[in-house]
Structures are given as structure tokens and as C-alpha cells.
Amino acid sequence: MIYKETGQYKSSYKSDHAIFPLLQDKIAFITLMFIAFLIIPFVINSYWEKAILVPFLIFSLAAIGLNILTGYCGQVSLGTGGFMAVGAFSTYKIMTYFPDMNIMIIILISGLITAAVGIIFGLPSLRIKGFYLAVATLASQFFLVWLFNKVPWFYNYSDTGQITVSERTMFGIPVTGAEAPSYATYLFCLVLVVLLSFAAKNLIRSKMGRSWMAIRDMDIAAEIIGVPPLKTKLSAFAISSFYIGVAGALYFAVFLGAIEVTESFDIMTISFPVLFMIIIGGLGSMLGSFLGAAFVVTLPIGLKFLMVDMVGLSAVTAKHFEITIWGLLMIVFLIVEPHGLARLWSIAKEKLRRWPFPY
Amino acid sequence: MSVELLNFIETVLNGLMSGVMYSLVALGFVLIFKASGVFNFAQGVFALFAALTLVGYQTGQVPFAHLINELFGTNYHNWYASMPNFLAILLTMVTMIALAWIIERLVLKHLVNQDPIILFMATIGLAFALEGVGDLMWGSDVKVLDVGIPSGGSIWLEEATIGLATEGSDYYGMYVDVLNIWATVIAVILVVSLALFSQYTKTGRALRAVADDHQAALSVGISLRSIWILVWAISGFIAMVAGIMWGTESGVQFSLSLIALKALPVLILGGFTSIPGAIIGGLLIGVGEKLAEIYIGGYFETGALENWFAYVMALVFLLFRPQGLFGDKIIERV
């Protein structure tokens, strides 16, 4: 009864192609946006910002990026950390060379630079597939991290090898640097995430998105019906890298403020968790990217609360426990629902359609 | 012989020996991939876990001591002072076999017929879980592993090679770690016995049958599950050997599990499905890395090419042979 579709007629192509064809979805979305834009900024505090909301938004963006490549175009990538590092370091370099440029533009340009790098590292995908490609993308991860770690030009010859963000403002309010208020960083990320996810959603519904999916489902057949593999695969790499680059730029500029490349963009801290997000959320699903990011960001916090505060284990033991539970959860999740949280949601929707009646 | 030539030979020799170490890890990957189609990312953590367990048995640590002490306020640390190496290795082997059984029972059995990417993610989960369990059981401090394999430079080789240099040159002889020589010998024994096992025993033939075709193997009455347990146990055993070698060289610590990442380029170079490929790929990568470090590394003032050189080498190679050196030819049917 809650999710009733009957009675919602579509009388034009426009309404048939709407992003949220169902009234319930539209209401839910508007409510969510209302809460996100008009309520949370007034109640947010530093803990919620730093621990949950901002990382959630940033990782959602990265997950959308990877989902475009892996979920929609079928090219497995393990190089997410490397591409996020490209985004972060281009932001840093642009910031130092153009002190007056608007931060929003800087971040978008960093995304474009990452897209260019993504195209270069996407070239092998034309020749190799599957796990060979996954391992090949690992090469980009190691190479890029090595590059940013070892070539001093990238971190402006600083002694520590760290890069630190300087303060930038939007409409007179600082959004980066230590002085930025919680609501400003949150809103800044939120605006970018909302805009970019709408763009992604529409891209996926466009000709380009359909050709990605054709390549994913069967590349030879796609080629025969006239989908150019070169253009399609490289465009997926470019757009995916753009999203990941923007996420990396935000991760550095807005979230962390100061980073050291080998720690912050390690394969274990970025690449695998993001891959896990899209698998646990659902491959090839926008909603899944968000659900997966939310799950991965909140789970360690919940586990830590449970073990350190409730049971009273020491931090080190709790950390080991966290890794163990983390791994076990991954396995359990893959066994129970390999199609991810998005599938669970669609099952729930199916149930809600009839509820409370059995048929 | 000129000093340059001798240095070159020394580099190649050392490269070959570190390549053997890579091959050892890659071998575990290939075995599992062939038999169950699983790309086992946890292979490196297997090595770590085996090495941790071995040290734990040797020094008689109480498993989960930290956890028990914290929960109940007790103070357990060691059961006994030491255990003979032989017994400890044997017990570790038993543990690895038990681990293989548990993995088959709890993970693989439920994931039959899933996408390869899902299985791959599951092994990443396995890697995390196993690493956590290893740390919980034995503690995360860096441990010294000593099973009686000698290490350090080989004096004999050093003295033997001094004479080879041209008269009057400042040559000190070749430096080759004895540990690496041992590793090479052990790896050769391991590979030969594996080859004999799979060639001449009934179980070995069943193993090859499963690798060729799961369904055909099933239909002639081979138990897929027992073969999988066997294969994972063998990989566990290889991981233990690799863990002992790497652990003796650089201590047993978390970074040991990262050797899996070292083995990946070896795999794509040699092909996922070929045992000779894993060995030759490992040797090529080992030599290539050492040569690059010495002859190209000088041009980058930054050095430390090791992290990615192997990957780029494998990548360039892949552009010409997408299935690796000895991999099965990729045939696509529509």
C-alpha cells in the first residue's frame, strides 16, 4: 500500500523519462533534500561533520565514479587511490599557482586533469580484460603514489613531503583550511555531490550510458551492433576518473586539510574500501553507491563504539577485532546478497507495494 | 673479467634469487586459480598467518593472549619456552590444512557459481579477516623468525669470485645472501615435488582434471570439494614456505602480507593459469627489477623504482601478449 503504483499514469514521454517516475520516490527525494539542505546545516557539529557526513559525501562521489567504470562499463579497477591522489595533488598545485582562483573551479579542473590521467591508464583496457586489467590498474595505483611521493615538485619541495591546504572561501565563508565552519564544508560537499550525481544519473540514461552497459554485457556483441569500444571504454575511464578526481580533491582540500600520499591514498585505505562500497551497495546502481558509502563509513565508528566504549577493549585489540569483523562482514555480505544493498532495497520496495496484504 | 661484467653477473644472480621468492608466492595464486577459478588475494596474508603461527608455536605463545588478558584481567603469555623447529613446522602445516578446510566450508561452498569479481572480493574479505585473526591470536609486534636457515653473505662465493676480476682492480667479490640460495634450493624441491605429485599420483591427476574442466571432472566422480580443500591446503603450505623465507629475511610483521602485491605482476607476466609461467615470470621480474634499480634507477634521483617497475614491465608485456607468457590462449566465442 505504501509503494502503490496504480493510478499514476504517464501521458507524455517527458513524464515517462522522469528521473523519479513514482510519486513516492519524488516525495522521499524532496524530503531528503529538504533535510540535507535546510535542517542538517543548522544542527551539524564538528564530530558529525568530520566523522560521518563529509567522508560519506566524498566517498559517495568516489563510489559513483568507480561504479561508472566497474558497475556500468564492466572494467574492474583497483587504482582508485591513485586517481584520488591525482585529484588531490592537482588541487594543491593549482592552489599554489593561482591563489585567486575560486575553489569550486579549482576542484572541477582537478577532476578534468584526473580524467586525462584516467584516459592514459585506461588505454590497456582496449587490449586486456578481466583480472589482467584489474592488476594493470594496480600499476596506476603504485606508479601514481610513487610519483607524488618521490618527485618533490608535486609537494612544492616541503621537507615532510606533506601537502597542506590553504584557506579558500565561497561567498566570503571559508570552506577549506582549519577555520572552516562545519556547515560550510558540509554544504560545499553536498552541493557538489548533488550536482554531480544528477549529472551521472543522466549520463547513465543517455546514449553514452547505454553504450557502457552494452560493452559491459558483451563487448563483442556491442562492437558488432556499432558501439565503438575505444570511445566507449575510454569515455568510461575519463568520466569515472573525473568523479574520483573530484572526490580526491575534496578529500584533501575539505576533509583532511593535510595529507601524506603514501598513507592517505594507500590501496588498503582507499582502493579496496571504495571497491567494497560499490559491491556492498550494488554494482551498477546509483543508490547503491550511496548506500555502500554510508555503510562503509559508519561501520568502523559503530564497531569502535561497541568494542572500546561498551566492552572496554584496548584500542589496539579493538582495531584488530575491527579488521576481523570487517573481513567477515565482507564475506557474509557477498554470500547472503551478492547484488548488494540496492537489491535489498528493491526487494523491500516490492514488499511495500503489497503491504499489509499478503497478495 | 672486468669489474662491470662481474657486477652485472652479481646483479642478475641476486635478481634471479629474489625472483624465486616472487615465484613462490605466485605459485600459490596459480594453483588456486587453476583449480577453483578463484583469484586468491589472501595468498599474501596466508604467508603472514603461517609465519605468525610458526613463531607462535615456536615460542609457545598462548593464542588470543591479549584478548583474554584484557577481558578477564588475567596474565597469560607463554605455555612453554620453546618447541623444536620440526614439530613447529609440522603443527603449522596442520593449522594451514585446517584453515583450508574452514575456508572451503564457510566461504567457497556458498559462493560456487558467482561472478569471478565476487569471489575476488570475498578473498579480499578473507585477507582482512585472516590478518585480524592473526593479530588477535599472536599479537601485532614484529617477531623474529629463525628456523635454522643460515643467512648473511656467502663468504665462500665472495672469496671464489675475487680471483675472477682482472688483476689490480678493486673488486671485493660477489655478495649473495645464503638465505636466498637456500630459498632457491627449497623452491626447486617444492616445484619438482609438485610436478611429480600432479603427474604421477591419482590425486594429482584428479587435480589436473578439475583444473581442466570442473563439470567433466565432477561427472567422472571426482569430488570437487575435497580437491578444493586439497588445493587450498597446498597453497597454504606454499604460503608457509614463502612466509618462512620472507619472515627470516625481514621479520614477521604486517608488511609480509604485501608480498601478494609483489606477486601480481609475476602472475600477469606468466599467465594466471601456468605453473611454469609463475616461475619464469618471477625470475624475469626479479632480474628486471634489480637491473632497473641499478641501471635505470640512477637517472631518477629519487630511486625506489621497485614499487612499480614490475607492474609497468608486466603491463608493457601484456600489450603484446594479453594472456601472459604461458597463459591459455584467450578465445572469445559469441
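In this predicted model, Gly79(A) is buried, because 31 other C-beta atoms lie within 10 Å and a residue counts as buried from 20 or more. The place of Gly79(A) is the loop between α3 and α4 of chain A. Leaving aside residues up to four places away in sequence, Gly79(A) touches Phe121(A), Thr137(A), Leu138(A), Ser140(A), Gln141(A) and Ser271(A). Along the sequence Gly79(A) and Ile270(A) are 191 residues apart, and yet in space their C-alpha atoms are 9.0 Å apart.

Two packed helices are described by the angle between their axes and the distance between the axes. Helix α4 of chain A, residues 80-97, packs with helix α12 of chain A, residues 267-281, at an angle of about 110 degrees, and the axes are 7 Å apart. That angle makes α4(A) roughly perpendicular to α12(A), since angles of 65 to 115 degrees fall in that class. From α4(A), the residues Thr80(A), Gly81(A) and Met84(A) meet Ile267(A), Ile270(A), Ser271(A) and Val274(A) of α12(A). Sorted by type, the residues of this contact are 4 nonpolar, 3 polar and no charged.

Helix α6 of chain A covers residues 130-150.

Helix α8 of chain A, residues 207-217, contains Arg210(A). The buried residues of α8(A) are Ser211(A), Trp212(A), Ala214(A), Ile215(A) and Arg216(A), and they pack against α3, α9 and α10 of chain A. Arg210(A) itself is partly exposed, because it has 15 other C-beta atoms within 10 Å.

Lys4(A) belongs to the segment before α1 of chain A, while Glu293(B) belongs to helix α12 of chain B, residues 275-296. Lys4(A) counts as partly exposed, because it has 13 C-beta neighbours inside 10 Å. Glu293(B) is likewise partly exposed, with 17 other C-beta atoms within 10 Å.

The table sets out pairs of residues by their separation along the chain and their C-alpha distance.

| Pair | Apart in sequence | C-alpha to C-alpha distance |
|---|---|---|
| Gly79(A) and Ile270(A) | 191 residues | 9.0 Å |
| Lys4(A) and Arg353(A) | 349 residues | 5.3 Å |
| Glu293(B) and Val312(B) | 19 residues | 14 Å |

In soluble globular proteins, nonpolar side chains tend to be buried together. Here the largest nonpolar core has 205 residues, and those with the most contacts inside it are Ile58(A), Tyr243(A), Leu250(A), Ala47(B) and Ala51(B). Helix α10 of chain B, residues 224-250, gives the most to this core, with 16 residues. Leu250(A) touches Ile58(A), Ile107(A), Cys189(A), Leu192(A) and Phe255(A), when residues up to four places away in sequence are not counted.

Chain B has 334 residues, of which 44% count as buried. Among contacts in chain B between residues at least 6 apart in sequence, 74% join residues at least 24 apart.

Finally, there is the contact of the two chains, which takes 35 residues from chain A and 40 residues from chain B. On the side of chain A that touches chain B, at least two residues each are supplied by α6, α9, α12 and α14 of chain A. Which of these helices gives the most to that side? It is α14(A), with 12 residues. The residues of the side of chain A that touches chain B divide into 28 nonpolar, 5 polar and 2 charged.

Conventions: Residues numbered from 1 in each chain as written. Chains lettered and ligands numbered in written order. Predicted model: local features only at pLDDT ≥ 70, side-chain atom pairs only at ≥ 80, totals over all residues. Axes fitted to C-alpha atoms, helices over the stretch in contact; angles between N-to-C directions. Helix = DSSP H or I, 4+ residues; strand = E, 2+ residues; numbered from the N terminus. Parallel < 35°, antiparallel > 145°, perpendicular 65-115°, else oblique. Contact = placed C-beta atoms within 7 Å. Nonpolar A, V, L, I, M, F, W, Y, C, P; charged D, E, K, R; others polar. Buried ≥ 20, exposed ≤ 12 C-beta atoms within 10 Å, placed from the backbone. Core = buried A, V, L, I, M, F, W, Y, C linked by C-beta atoms within 7 Å.
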